[in-house]
Amino acid sequence: MEQAFPPEYGEAWNRRQVSDALLLGNCRYGLIAADGSMQLEETSESAGFFMSRSVLDEEELLLFAISPKYRRKGLGHRLLAQFIATAKAAGMQRVFLEMRKDNPAAFLYASHGFREVGLRPGYYRTPGGGRIDAISQELTLDN
């Protein structure tokens, strides 16, 4: 988490936030290893992860990250495809996410069919006091 999210935007969650979310029961997570495997051994280093929460037939992708040293190797595509497949298998009809406007992962989400559905002006703060818009995106799943 600390490696994957730029500290200047304050997007990374702390250990308590993650554990509290997972205790709610409607949250789930997935990991990917450096070799693209979704089955990590205790000694395996995680290359990336996702965390989401669901309500009824909708799921929100809360966190999605690939460690910088493992980017541009197809792991983000593989992990996102796995997330979408498991959401679909669980009967989800729609998936949502929110990201800052200049997020370099925008191409990844678009390549998997996400489309912009909303904008939160000035939602994120920069270290210099500036503001960056948040973009809400949606993917409709065919079940």
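## The pairing of strands 5 and 6

Leu-119 has Ile-135, in strand 6, as its bridge partner, strands being DSSP runs of E with at least two residues and helices runs of H or I with at least four, both numbered from the N terminus. Strand 5 and strand 6 (residues 131-140) are paired in the antiparallel sense, over seven bridges, where two strands count as paired if DSSP finds at least two bridges between them.

This is a predicted model, in which local features need pLDDT of at least 70 and side-chain atom pairs count only at pLDDT 80 or more, while totals for chains, interfaces and linings use all residues. Residues are numbered from 1 along each chain as its sequence is written, and side-chain values use heavy atoms, with hydrogens and water left out.

## The sheet and the overall fold

The chain contains three helices and six strands, and from the N terminus on its elements follow the order α-β-β-β-α-β-α-β-β. Six strands form an open sheet with mixed pairing, in the order 1-2-3-4-6-5. Strand 1 (27-33) and strand 5 (115-125) are its edge strands, each of them pairing on one side only. On average, and with direction ignored, neighbouring strands of this sheet are turned by 25° against each other.

Helix 2 packs on the sheet, where it touches strand 1, strand 2 (46-55), strand 3, strand 4 (94-100) and strand 6, and its direction makes about 160° with that of strand 3. Here contact means heavy atoms within 4.5 Å, and the axes behind the angles are lines fitted to C-alpha atoms, for helices over the stretch in contact, with angles running from 0 to 180 degrees between N-to-C directions. Of the contacts in the chain with a separation of 6 or more, 58% are between residues 24 or more positions apart.

Gly-74 belongs to the loop between strand 3 (58-66) and helix 2 (75-89). Its relative accessible area of 38% makes Gly-74 partly exposed, a class lying between buried, under 20%, and exposed, over 50%, as found with a 1.4 Å probe and protein chains only. Gly-36 is 38 residues away from Gly-74 along the chain, yet the C-alpha atoms of the two are separated by 8.3 Å.

## Nonpolar cores and surface

In soluble globular proteins, nonpolar side chains tend to be buried together. In this chain the largest nonpolar core has 23 residues, of which Leu-61, Phe-64, Leu-80, Tyr-109 and Phe-114 touch the most other members; such a core is a set of buried Ala, Val, Leu, Ile, Met, Phe, Trp, Tyr and Cys residues joined through side-chain atoms within 4.5 Å. Strand 2, strand 3, helix 2, strand 4 and helix 3 (106-111) each contribute at least two residues to this core, and the largest share, six residues, comes from helix 2. Apart from this core lies another, of seven residues, among them Ala-21, Cys-27, Phe-49 and Leu-63.

Once neighbours within four places in sequence are left aside, the contacts of Leu-61 are Phe-50, Met-51, Ser-52, Leu-80, Phe-83, Phe-96, Leu-97 and Tyr-109. Of the 143 residues in the chain, 37% are buried. The accessible surface of the chain is about 8,600 Å², with 49% of it belonging to carbon and sulfur atoms, as computed by the Shrake-Rupley method with a 1.4 Å probe.

## Salt bridges across the sheet

Seven salt bridges are counted, each defined as a side-chain nitrogen of Lys or Arg within 4 Å of a carboxyl oxygen of Asp or Glu. One of these joins Glu-59 to Arg-28, with the closest N and O atoms 2.7 Å apart. Glu-59 lies in strand 3 and Arg-28 in strand 1, so this pair ties together parts that are 31 residues apart in sequence. Glu-59 is buried at 3% relative accessibility, whereas Arg-28, at 25%, counts as partly exposed.

Glu-138 forms a salt bridge with Arg-94, the closest N and O atoms being 2.8 Å apart; since Glu-138 lies in strand 6 and Arg-94 in strand 4, the pair ties together parts 44 residues apart in sequence. Glu-138 is buried, at 5% relative accessibility, and Arg-94 is partly exposed, at 30%. The side chain of Glu-138 also meets that of Arg-115 in a salt bridge (2.8 Å, N to O), and with Arg-115 in strand 5 this pair ties strand 6 to a part 23 residues apart in sequence. Arg-115 is partly exposed, with a relative accessible area of 48%. A network of salt bridges links Glu-58, Arg-94, Arg-115 and Glu-138.
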